[in-house]
Amino acid sequence: MAKLDLLSKGLTTCQGCPMELIGRAALEVLGPKTITMTPPSCSAILTGSGDETGWGIPSVQTVLMSLPAFASGVSEALKIQGRNDVTVMGFAGDGGTFDIGLQSLSGAIERGHKAVFICYNNEAYMNTGNQRSSATTLGASTKTTPTGKKEVSKNIDFMLLHTPLTYQATASVGNIKDFKRKLAKAASKDGPCFIHVLTPCPSGWKFPTDQTIQIAKLAVNCGAWLQFEREDGKITINQKPADFELIHDYLNRQKRFSRIDDGIRARIIAEARSRYETLQRLAELACL
Amino acid sequence: MGTIKALDGNAAIAYGVMRSKVQLVAAYPITPQTPIVETISSLIDTKQYDATYITVESEHSALSAVIGAASTGVRTFTASASHGLALMHEVTGVTSASRLPAVMAVVSRAIPGPMCLWCDHSDIMTQRDQGWIQLFAKSPQEALDFMMIAYRTSEDERVLIPTMVDIDGFFCSHLTEPVNVPSVEEAERFIQDFKPVNARLDTDHPYAIDNLTSPAIFTEIKRSQDLGMRAAAGVLDQRFAEFEKLFGRGYGRVMCDGTEDADTVVVCMGSMSGTVQHVVHQLRSDGKKVGIARVVAFRPFPQREIAEALKNARTVAVIDRVSGMGSFGPLYEEVLASMRISGSNANAYSFVAGLGGRDIWEQTVEDVFTKAESLSAENAVCDQPIWIDLKESEVRTHG
Amino acid sequence: MQKLVQQRMKMLETLPEILGPVSVKVSDVHTGAWRYRRPVIRKDDCVLCGICAEYCPCGVIEKEDGRMTVDYTYCKGCGICTVECPKKAIDFVLESDCEKEDE
């Protein structure tokens, strides 16, 4: 049988865009019985403009602040109509998840609607041209932090550990099989699920377009990005960081960190270590 | 027919929601609308009403959830006031442009600042250009009836425009009156189960909605919305007539009393209409030729009907329950523009009254008539509204 | 023509008129024009593992008739496949060195 195409090939995302890859991989898992929402963001390029759309599934461009609330309405309406076979997929960036959309997300999670919220994290407001978000790593230069961000990123994964998510996971575009496995698990749950995917952005992070996957893999190896999942009150660490000193290499390969000094480097490494140590301790508990 | 119950405006709205067979409600509490939220959610929670209630964490999310559900093809409701309506502002425009027939109750309360719990129309007036039909009820009975009429109008395929049913905070929302509540069977003769006719999130017909829209088509989408809104005028007239036939209570987009032979007519909206009408009756019994033209549908604005109602008047006084800061009140501006249709040369004056919950007494209305008539006798021209019942000594300015 | 475009054209035949901002057509930009280097798979070195297709953001690499093929109409030339190929069986060739008839 011919494979269904659910996302157009002719989309105007940047060369080497990991967000598009995540969208494509998501639909391979979820199939045509999926309704998706994107806020105004890079993912809105998939939803399209004018009379054209990239998705082969029903989609909406919601307002930036309340995608999860919109998804709540869709999810409950499907329930009213007895449609248990449709997956509701929120597809937002870090701005729409960490910042302006956080309140709405927390509400939707707490109320327990059946929906999968994917956050593709490119660590800045990339669709408006690379302004810092609360997900931007310490030291990274963006258009609003030209000399480098002064604050560490918001740890949304730890924040959400204390919400009644049915399933929570982090993933990396560097490991598509792992992402797909996690998404399939999320789609099988009867409640709110959150998958936070690292999507290194060649345009904003300033590395060659062919390096997207390599940077994402390195982020996991060096411990700048932690791979874990939470299910039934238990955290499972999927991949242990190989060596935190690899963070130097990770930073050196992105021009957005070209201005940072040794002090900032040390703080970035210390932050990564401490997050991993905290995660290890949390993984020993069975009460989340 | 129906059962007489003692209901306040908020409870009447809740009955209106139930009788309209709404399937999904998402709303957030805010004074003076909170009892609507409490009543509907309790009825659903205790299984007296078969619907879904989403206990959202903000008004912005309330309307977002509502349009999510409406896009998926169910009948929806939300309610808000003041700050809450302001927070919804971004989403009210999306709702109407998406042609989703949602209905919202607005329990009017002054918009801040200063912080205020009490009624005026500064909240709903921020929404006047957001593309919603706006119906102003003056009593709990009208609140219930207008809810059912709102759904039948909004969902009509010639219209597909959402509706706000406005009641005045406290004056109507917390006023208990005998209300004739139609039975479920009676209501079903007027409003049946929801059948979505427009844009839907349907996996059998995958397409995108609410995308970035270019200058090449934006104007045409807005005009199509405008035509839907204009079509609502005729549809509202049909629904009012149909409703009257079934339930015996007649309404119109403009409701007049005494205007046929009146020299002086007051134009107003909302709960003050009852007081104005009472004063009109009193003055007429004293032999004065006065009348009231009450605007029920502020959007679509009934230009021709207002022009017709005012064509014989020599003096027109428009009371806005909002300040029209730096200009005139919005109702006054609409009325003035409408009077051009009939070529009326009447002297028209703008009055600002009842802000932030200040009562509009019989005396207030009498003062409006007196003031308007004395200005008109001199053919006076006013370049700003007359703030009635103003405590001049309390108005502070620098220089 | 992409399969998605074909599917949508079929759906359009039965779709009633919709009011409001809706996007029914498929975004179908021929983004291949952006490319200044193209991935060329050396058939003899390719082991058909499919990793290139798995990591292609644009979904333009497919297994067809026992070989991996690239749809150059859409391939933007990011080069991810050339880096991810475990056999290093994909060359990244300057467009100016390629024959134009491939387009």
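Across which strands of chain A does helix α7 lie?

## Helix α7 and its strands

Helix α7 (residues 176-187) of chain A lies across β4 (87-93), β5 (115-121), β6, β7 (192-198), β8 and β9 of that chain. The helix runs at about 160 degrees to β6(A). Such angles run from 0 to 180 degrees between N-to-C directions, with axes fitted as lines to C-alpha atoms, for helices over the stretch in contact. Helices (H or I, at least four residues) and strands (E, at least two) are DSSP runs, numbered from the N terminus.

## Basis of the model

This is a predicted model, in which local features need pLDDT of at least 70, side-chain atom pairs count only at pLDDT 80 or more, and totals for chains, interfaces and linings use all residues. Residues are numbered from 1 along each chain as its sequence is written, while chains are lettered from A and ligands numbered from 1 in the order in which they are written.

## A sheet of three chains

An open sheet of 10 strands has the order β9(A)-β8(A)-β6(A)-β7(A)-β5(A)-β4(A)-β1(A)-β3(A)-β9(B)-β1(C), with mixed pairing. At its edges stand β9 (234-239) of chain A and β1 (22-23) of chain C; each has a single partner strand, so one side of each is left without a neighbour in the sheet. Two strands pair if DSSP finds at least two bridges between them.

Within this sheet, β6 (residues 167-172) and β8 (residues 227-231) of chain A are antiparallel, paired over 3 bridges. Tyr167(A) is placed opposite Glu231(A) of β8(A).

## Strand β4 of chain B

In strand β4 (residues 76-80) of chain B, 5 of its 5 residues are buried (20 or more other C-beta atoms within 10 Å of the residue's own, C-beta atoms being placed from the backbone). Thr76(B), Thr78(B) and Ser80(B) point one way, and Phe77(B) and Ala79(B) the other way. In a regular strand, side chains alternate between the two faces of the sheet.

Strand β2 (residues 24-26) of chain B runs parallel to β4(B), joined by 2 bridges; Leu24(B) has Thr76(B) as its bridge partner. Strand β5 (residues 103-108) of chain B also pairs with β4(B) in the parallel sense, over 4 bridges, and Ser80(B) is partnered by Val106(B).

## Where chains B and C meet

Between these chains, 15 residues of chain B are in contact with 9 residues of chain C (C-beta atoms, placed from the backbone, within 7 Å). On the side of chain B that touches chain C, β9 (208-209) and α8 (215-247) each supply at least two residues. The strands β9(B) and β1(C) pair in the antiparallel sense over 2 bridges, with Ser23(C) as the bridge partner of Ala208(B).

Technical notes
Contact = placed C-beta atoms within 7 Å. Buried ≥ 20, exposed ≤ 12 C-beta atoms within 10 Å, placed from the backbone.
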